[in-house]
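Visitor: Can you walk me through this model? Keep it brisk.

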Amino acid sequence: MARISDELPTLVAQEGPLQGQRWMLKEAAVIGREPDCDIVIPDRQVSRFHARFTPTPEGTLLEDLASKNGTHCNGTQVIEPVILQDGDVIQVALAQSFLYVSSDATLPLEAVASHLTSFEVGEQRLKLDKRSRRLWVMGKEMEPPLSVAQFHLLELLYDRQGKVVPRNELVEYVWSGDEAVGVSEQALDALIRRLRDRLSALDPHHNYVVTIRGHGLRLDNPSI
């Protein structure tokens, strides 16, 4: 079976103008708006030379090249160079996200395009695939994909299906680290509202994200 990487780390473009494209990282690759970049993102939010991926013996190194609008890895801004892990999501400004697949990953190529696309009676209404950061509701794929923050919010609820997750845990998981300090109740409420709107667009007959007043949120994801 064909693999997403032939013993090479791979970037898979997700939400953004390059969606669906893939690059094997044989050597250092620069991402930016400049036509001379190895991966060109035609968006004014992206700096001319925005970020760089460098394969090393320790793993693939991600560096932000003093970009104007920043580079994020799993929702955390890249200040110092970081070594990527399999399944990491890299966000370039607000223009383009990438899924990083390490050289030893075993995810088939077909999984990027079609994993979890089937829907049968007895399965849950909502399916989430962490590796490809994709979501299906009632058998229909979420397009465009959820934002990084929306996905992280749903991911935590999905991992604890049927259980109530306190709001402070949601904030810490979505924003993480120092970014979680000072996040307002209004910011979390706005994120929850946008996630509900996205889910409702595919399944208007069911409320997946349930508020338990005074406690937190839980995911209601019954089988059909």
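Guide: What follows goes from confidence to folds and single residues. This is a predicted model: local features need pLDDT of at least 70, side-chain atom pairs count only at pLDDT 80 or more, and totals for chains, interfaces and linings use all residues. Residues are numbered from 1 along each chain as its sequence is written, and side-chain values use heavy atoms, with hydrogens and water left out.

Visitor: What is the average pLDDT of the chain?

Guide: The average is 84, and 85% of the residues score at least 70. pLDDT is the predictor's confidence in each residue, from 0 to 100.

Visitor: Where does pLDDT stay under 50?

Guide: Over residues 1-6, which have 24 contacts beyond four places in sequence in the model. Residues 105-121 are also below 50, with 43 contacts beyond near neighbours in sequence. Contact means heavy atoms within 4.5 Å. Where pLDDT is low, the predicted coordinates should not be read in detail.

Visitor: How many helices and strands in the chain?

Guide: Four helices and 17 strands. Both are DSSP runs numbered from the N terminus: helices are H or I with at least four residues, strands are E with at least two.

Visitor: What is the strand order in the open sheet of six?

Guide: S2-S1-S11-S10-S7-S8, with antiparallel pairing. Two strands pair if DSSP finds at least two bridges between them.

Visitor: And which are the edge strands?

Guide: S2 (22-24) and S8 (76-77), each pairing on one side only. Further in, S7 (residues 71-73) and S10 (residues 89-92) run antiparallel and are joined by three bridges. Within that pair, Cys73 stands opposite Ile90 of S10.

Visitor: Is Cys73 buried or exposed?

Guide: Buried, at 13% relative accessibility. Buried means under 20% relative accessible area, exposed over 50%, partly exposed in between, using a 1.4 Å probe and protein chains only. Cys37 is buried too, with a relative accessible area of 8%.

Visitor: How much of the chain is buried?

Guide: Buried residues make up 44% of the 224 residues. On contacts: of those between residues at least 6 apart in sequence, 47% join residues at least 24 apart.

Visitor: Now H3. Which residues are buried there?

Guide: Leu170, Val171, Val174 and Trp175, in a helix that spans residues 167-175. They lie on the same side of H3, because they cover an arc of only 100° around the axis. That arc is taken from the directions from the helix axis to the C-beta atoms.

Visitor: What do they pack against?

Guide: Helix H2 (148-159), strand S15 (165-166), helix H4 (185-202) and S17. Just after H3, Ser176 takes a positive phi of about 60°.

Visitor: You mentioned S17. Which residue is the bridge partner of Ile212 there?

Guide: Gly216. S16 (residues 209-212) and S17 (residues 216-219) run antiparallel, joined by four bridges. Their hairpin has three residues between the strands, and Gly214 takes a positive phi near 85°.

Visitor: Last one. Where is Ser47?

Guide: In the loop between S4 (39-40) and S5 (51-56). Ser47 is buried, with a relative accessible area of 13%.

Visitor: What does Ser47 touch?

Guide: Gly32, Arg33, Ser67 and Lys68, not counting residues up to four places away in sequence. The Ser47 side chain also reaches the backbone nitrogen of Lys68 at 3.0 Å.

Notes:
A polar contact is a pair of N or O atoms within 3.5 Å; within protein, one must be able to donate a hydrogen and the other to accept it, and residues adjacent in sequence count only if both atoms are side-chain atoms.
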